[in-house]
Amino acid sequence: MNNSSHSNPLNSPEAAALLKDKGALKKLLSSPEAKKLMSMLSSQDTSQLKSAAEQAKNGDTATLMSMVNGIMDRPGGAQLMRQFEQKFPGKKS
């Protein structure tokens with residue numbers, strides 16, 4: 001699986017809805033899937049993660065998505081992302 005085959009869930013209608021619902025966002029971020037994703041992201045270069053988070057905060061999600069795509073290429077990473085995406089509001093299970 002190469003990085004070009006991954007969609008950007010941050011640009012999805014579900015993500016847009018999530019950003020408008022602070023309660024759902026808080027619930028999603030406290031989920032076991034979010035915690036595992038953060039752990040996997042944190043196991044990478046922490047300075048790169050901080051930079052990617054700052055860029056994403058300013059609207060540029062490319063670096064963060066590249067890091068997430070790298071996780072999706074790791075064993076169990078794609079499954080974790082599917083589980084995480086299923087928690088988005090409005091997402092069909």
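Author: Buried means under 20% relative accessible area, exposed over 50%, and partly exposed in between (1.4 Å probe, protein chains only). What you see is a predicted model, where local features need pLDDT of at least 70, side-chain atom pairs count only at pLDDT 80 or more, and totals for chains, interfaces and linings use all residues. Numbering starts from 1 along each chain as its sequence is written, and side-chain values use heavy atoms, with hydrogens and water left out.

Reader: Let's start there, then. Is L28 buried or exposed?

Author: L28 sits in helix α2. With a relative accessible area of 5%, L28 comes out as buried.

Reader: What pattern does the chain follow, read along the sequence?

Author: Helices (H or I, at least four residues) and strands (E, at least two) are DSSP runs, numbered from the N terminus. The chain has six helices and zero strands. Going along the sequence, that reads α-α-α-α-α-α.

Reader: Which element has the highest mean pLDDT?

Author: pLDDT is the predictor's confidence in each residue, from 0 to 100. The chain averages 79, and 82% of the residues score at least 70. Residues 1-5 stay under 50. Among the elements, helix α1 (residues 13-20) has the lowest mean at 76, and the highest, 87, goes to α4.

Reader: How many contacts beyond four places in sequence does the model have for residues 1-5?

Author: A contact means heavy atoms within 4.5 Å. Over residues 1-5 pLDDT stays under 50, and the contacts beyond four places in sequence number seven.

Reader: What share of the contacts between residues at least 6 apart in sequence join residues at least 24 apart?

Author: Start from the 93 residues of the chain, of which 33% count as buried. Then take the contacts between residues at least 6 apart in sequence: the share joining residues at least 24 apart is 67%.

Reader: Which helices do the buried residues of α5 pack against?

Author: Helix α5 covers residues 62-72, and its buried positions are L64, M65, M67, V68, N69, I71 and M72. The partners of those buried residues are α3 (32-42), α4 (46-57) and α6 (77-85).

Reader: How does α5 lie to α6: roughly parallel, roughly perpendicular or oblique?

Author: Axes are lines fitted to C-alpha atoms, for helices over the stretch in contact, and angles run from 0 to 180 degrees between N-to-C directions. Under 35 degrees is roughly parallel, over 145 roughly antiparallel, 65 to 115 roughly perpendicular and the rest oblique. The α5 and α6 axes come within 6 Å and cross at roughly 120°. So α5 to α6 is oblique.

Reader: Which residues of α6 make the contact with α5?

Author: The α5 and α6 axes, again, come within 6 Å. From α5, the contact takes in V68, I71 and M72, while from α6 it has G77, A78 and M81.

Reader: And which residues of α2 make the contact with α1?

Author: α1 packs on helix α2 (residues 22-29) at an angle of about 110°, with the axes 5 Å apart. That angle makes α1 roughly perpendicular to α2. α1 brings L18, L19 and K20, and α2 brings K22, A24, L25 and L28.
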